[in-house]
Amino acid sequence: METGGAAMSRQDDEKLRLSLRASSARRYGSIRESQIEEETTSPETAVISPARSYIVIAVLCYVNLLNYMDRYTIAGVLLNIQDYFRIKDSTSGLLQTVFNCSFMLLAPVFGYFGDRYNRKLIMVGGLCGWIVTTMGSSFVTQSYFWVLILMRALVGIGEASYTTIAPTIIGDLFSGNQRTIMISFFYIFIPVGSGLGYVIGSTVASATGDWRWALRLNPILGLVGLTLLIFLTPNPPRGASDTQGGTQMENTSYLEDVKYLLKNRSFVWSSLGVTAMAFVTGALAFWTPVFLSRAQVTQGIKLPCSKEPCDTSDSYIFGGVTVVTGILGVVIGTLIARRLRDRVANADPLICAAGMLCSAPCFFLAIVLAYKSIPATYVFIAIGETLLSLNWPIFADILLYVVIPTRRATAEALQIMVCHLLGDAGSPYLLGAISDALSKYNPDTYAWSFRSLEYSVLLCPFVGVLGGLFFLMTALYIEEDRKAAQLLATGNNGPAANPSAGGNAMTRTEPPATGPLPRGPANDAL
């Protein structure tokens, strides 16, 4: 890896040569210094006031809260669903797996559209689909479990349209430390929404005696979010916060976008780290309430669930722990990042690595102690979730500052696809399948059903260690890739600055009369 001085020297040397290839023709990936009058006065490029920007953040956070409440409401009433449909662990895991698979497969599609078309309309359409399918899933009868599976898959499509695009709008409204704070607010609702999904889901199911009403609450609240999204959320110009309104970046082809991202080493390694984190959080979030319930049955604290409504107190407690530790972790992670970022250039991935590596032994102890002490298990779960939650705002901010604005939705989409494909799309089903396979050795005892699930869940801490190593690799390249993205976004010819970023943007300037450019990775991209 080049030193910072050497990289900047090469930037100055090659930036002069890059101008030789510029022309007055419109090019993909170019940055235009001036805007025509129609663009300046259009709603797309109109300046958005700070007050309205904060309102937009509130709306986006509210919808994000609902998304994650719905995602984990199923886990909060899973015991009721298993009893109602008479399904095994592996089949139960399919409910989360099909959701994540559709979410994963459609994310690149919405990422492509999000970098090219009106992002507000895409989010509104996705939210409408989410409301309809979520409500529809609550009316599935006992003999049509496959319809519930199908509905959960369709719910994933609706959420993909929102989750892929919303962070890029925040990135276009704010920059610097202010962007970090706003991203923190947005991502704090991932653990908060997840925890409330357990709490509200189990509470509504217990109060009504019917788990289906737990699924109906979220789409009702979603109608409020849809109204706010339509009337209060604009579609800001892409890159507005990075270029301070002085330039406008044009879109490149999708193939060029993907090549750029694959050459961006910080993006690749951080995406692998996020994937490991998704594996751990997805598996533990789905199975922890059931695991704790079986542990208490094994200890003789409570009886197994034989008819509805099942005891969902574990979902309630686990949800509360998730809300508190999520808020605490995000706040601590944001404060540490803000304090260290100016002094340590690669502080962000180092914080993520520390969170992953330190949470792994906490989750290991929580799992192995469940057979003896439920309070001790909750203590280590709380510590592990707090450490893991340090990462939520930070890895999102990493993506925004190492990727240029016109490729952020594509980057979000590809990261979502990878982290679900190799992470939480398969982890709930994988752990359920391992549990079912192990339970065959002693199928008639409830104690062994607990042990089989315990052994499968023990996979999570080891994946967490792997994620920490991926973030350590990110720390090696992040400073270089961040500088390259900044140069590209501000109109300074960054492609020559850093081949790892794979940039292909250029500034539109009048070329001096001189010879052709030499061949090289940066110039070939032009």
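Visitor: At roughly what angle do the axes of helix H6 (residues 119-137) and helix H7 (residues 145-173) cross?
Guide: This is a predicted model, in which local features need pLDDT of at least 70 and side-chain atom pairs count only at pLDDT 80 or more, while totals for chains, interfaces and linings use all residues. Residues are numbered from 1 along each chain as its sequence is written, and side-chain values use heavy atoms, leaving out hydrogens and water. Helices are DSSP runs (H or I, at least four residues) numbered from the N terminus, and their axes are lines fitted to C-alpha atoms over the stretch in contact, with angles from 0 to 180 degrees between N-to-C directions. The axes of H6 and H7 come within 8 Å, and the crossing angle is roughly 150°.

Visitor: At about what angle does helix H3 (residues 50-76) pack with helix H9 (residues 212-232), and with helix H8 (residues 176-208)?
Guide: H3 and H9 have axes 10 Å apart and an angle of about 160°, so these two are roughly antiparallel. For H3 and H8, the axes are 6 Å apart and the crossing is right-handed. The two angles are about 160° for H3 with H9 and about 30° for H3 with H8.

Visitor: How many charged residues has the contact of H3 with H8?
Guide: Asp, Glu, Lys and Arg count as charged. The contact of H3 with H8 has 18 nonpolar and 9 polar residues, and the number of charged ones is none.

Visitor: Which residue forms a salt bridge with Asp257?
Guide: The structure holds 13 salt bridges (side-chain nitrogen of Lys or Arg within 4 Å of a carboxyl oxygen of Asp or Glu). Asp257 lies in helix H11 (residues 254-263), and its partner sits 150 residues away, in the loop between helix H16 (391-402) and helix H17 (408-424). The closest N and O atoms are 2.9 Å apart, and the partner is Arg407.

Visitor: Which helix gives the most to the lining of the largest cavity?
Guide: That cavity is lined by 44 residues, among them Tyr72, Met277 and Trp392. By class, the lining has 29 nonpolar, 11 polar and 4 charged residues. With 11 residues, the main contributor is helix H12 (residues 265-298).

Note on methods:
On a 1 Å grid over the protein atoms alone, a cavity is a set of points where a 1.4 Å probe fits but cannot get out, and a pocket is an open set with protein on both sides within 12 Å along at least five of seven lines; lining residues have an atom within 4 Å of a point. Angles under 35 degrees count as roughly parallel, over 145 as roughly antiparallel, 65 to 115 as roughly perpendicular and the rest as oblique. A crossing is left-handed if the near helix is turned anticlockwise from the far one by less than a right angle, and right-handed if clockwise.
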